Amino acid sequence: MSQPYNRVFNFSAGPCTLPVEVLESAKEDLLNYKGTGMSVMEMSHRSKPFEKILAETEADLRTLLSIPDNYKVLFLQGGASLQFSMIPLSFLAAGQTAEYLVTGAWGEKALEAANLVGSTKVVFDGKGDNFRAAPDFGTLDLSADAAYVHFTSNETIQGVEFFADPTTAAPLVCDMSSDILSRSVDVSKYALIYAGAQKNMGPAGATVVIAREDFIAKGPGKMHPILDYKLHAKNSSMYNTPPCWTIYMCGLVYKHLLATGGLEGSNKRNTEKANTIYQAIDSSGGFYNGHAEPSARSIMNVTFTLPSEELTSAFVKESESLNMDGLKGHRSVGGIRASIYNAFPLEGCQVLASFMADFAAKNG
Ligand SMILES: *Cc1c(COP(=O)(O)O)cnc(C)c1O
């Protein structure tokens, strides 16, 4: 069946698919936003209409995630990658140690940046196992005096996800770039959460930071202004020109989520979508092999391999002729990666699952 506007099933890992309703709203407003005579892209970030967009976007995110009042919400730039550096630059002082869980490629990058700043301790490293597992925090040797504990709730490349909010004595910092808003989280367990917009929230260009005020206050007295959480918080994300268009698009996505059952609705849809594909893997009699351990299987990035490189290439090629785009896995894992973020439709997962069964029957 053909999709609206002849769109494909876009399995891209990021930037990735957005809700059609959101794109239609943006299109509607593109040349003249609500009678202002200009688009949001052309508008001063100090104008009344943009101030309203920013305030509503923040308020809607607070509602979706039930963010407590003693947390700041910031819209920054530099991607999640800049957070890899800003976090240790602000919170890893001399004489302290930060603890890192490394469950995949993004956690590794976060650790590398912290190593440039100060002392770190790796409390879990999944590398020996090619990153398949998400450990139970209760089994880790964590110190209450750590500057912070950092983990990646969903490893986008390996498809390894944590499903519970851990409890730690030291401040907890989490990269939620690829699973934020896919389910509810207890924000009060975290000192700082960050997420690039381009997986579950909007186009690229903004990074959302949700941080407890007393944790922000621990930052150093002197910091380069653009890297200073305190300054960004004091200026409510308006220290310099914020990524206005991305913030506006995130705002539309938040409103769409609120109108479709909030995070409970999103979790229900995402679980059903992921199960549809995992079911196709598990019922293939070993033709497809899931990369992640079953308990850590991501509901955002489903990763699996086929018996050979040739079959993998043929799989990708045939899937493209069936309107599916972006299924080739990351080179470090090989095989197939189906990224099925919030906005990805169930129908696309069903089309993939039935193609998987046909392909296995023909080639198995
Ligand atoms: C994509 C991604 C990043 C990198 O985000 P940028 O915005 O490109 O810097 C970091 N962490 C995770 C978990 C990601 O999925």
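## A quick look around this model

Helices (H or I, at least four residues) and strands (E, at least two) are DSSP runs, numbered from the N terminus.

A word on the source: this is a predicted model, where local features need pLDDT of at least 70 and side-chain atom pairs count only at pLDDT 80 or more, while totals for chains, interfaces and linings use all residues. Residues are numbered from 1 along each chain as its sequence is written, and side-chain values use heavy atoms, with hydrogens and water left out.

Back to the sheet. Strand S12 (residues 301-305) runs antiparallel to S14 and is joined to S14 by four bridges. Thr303 has Arg337 in S14 standing opposite.

Thr303 also turns up among the contacts of His291, a residue in the loop between S11 and S12. Is His291 buried or exposed? His291 has a relative accessible area of 6%, so it counts as buried; the cut-offs are under 20% for buried and over 50% for exposed, with partly exposed in between (1.4 Å probe, protein chains only). Leaving aside neighbours within four places in sequence, His291 is in contact (heavy atoms within 4.5 Å) with Asn130, Phe131, Arg132, Gln158, Thr303, Phe304 and Val333.

Now for the ligand. It is surrounded by 13 residues, and the closest are Ser81, Thr156, Asp175, Gln198 and Lys199; a residue counts as near when one of its heavy atoms lies within 4 Å. By class, this shell has three nonpolar, eight polar and two charged residues. For those classes, Ala, Val, Leu, Ile, Met, Phe, Trp, Tyr, Cys and Pro are nonpolar, Asp, Glu, Lys and Arg are charged, and the others, Gly among them, are polar. Helix H3 (residues 79-91) gives the largest share of the shell, four residues.

Here are some distances to oxygen atoms of the ligand:

| Residue | Atom on the protein side | Distance to a ligand oxygen |
|---|---|---|
| Ala80 | backbone N or O atom | 3.2 Å |
| Thr156 | side-chain N or O atom | 2.4 Å |
| Lys199 | polar side-chain atom | 2.7 Å |

The protein covers 87% of the 390 Å² of accessible area that the ligand has on its own.

Helix H3 also holds Ser90. Ser90 counts as buried because its relative accessibility is 8%. Not counting residues up to four places away in sequence, Ser90 touches Lys218, Gly219, Pro220, Met223, Leu227 and Tyr229.

H3 is also one of the packing partners of helix H4's buried residues. In helix H4 (residues 105-115), these are Ala105, Gly107, Ala110, Leu111, Ala113 and Ala114. Besides H3, they pack against strands S3 (97-102), S4 (119-125), S5 (149-152), S6 (154-155) and S9 (192-196).

Last stop: Asp29, in helix H1 (residues 20-29). Asp29 is buried because its relative accessibility is 13%, and Asp29 touches Lys34 and Tyr248, not counting residues up to four places away in sequence.

Notes. Polar contact = N/O pair within 3.5 Å; in protein donor to acceptor, adjacent residues only side chain to side chain. Areas by Shrake-Rupley, 256 points an atom, 1.4 Å probe, with all protein chains shown as cover. Pairing = 2+ DSSP bridges.
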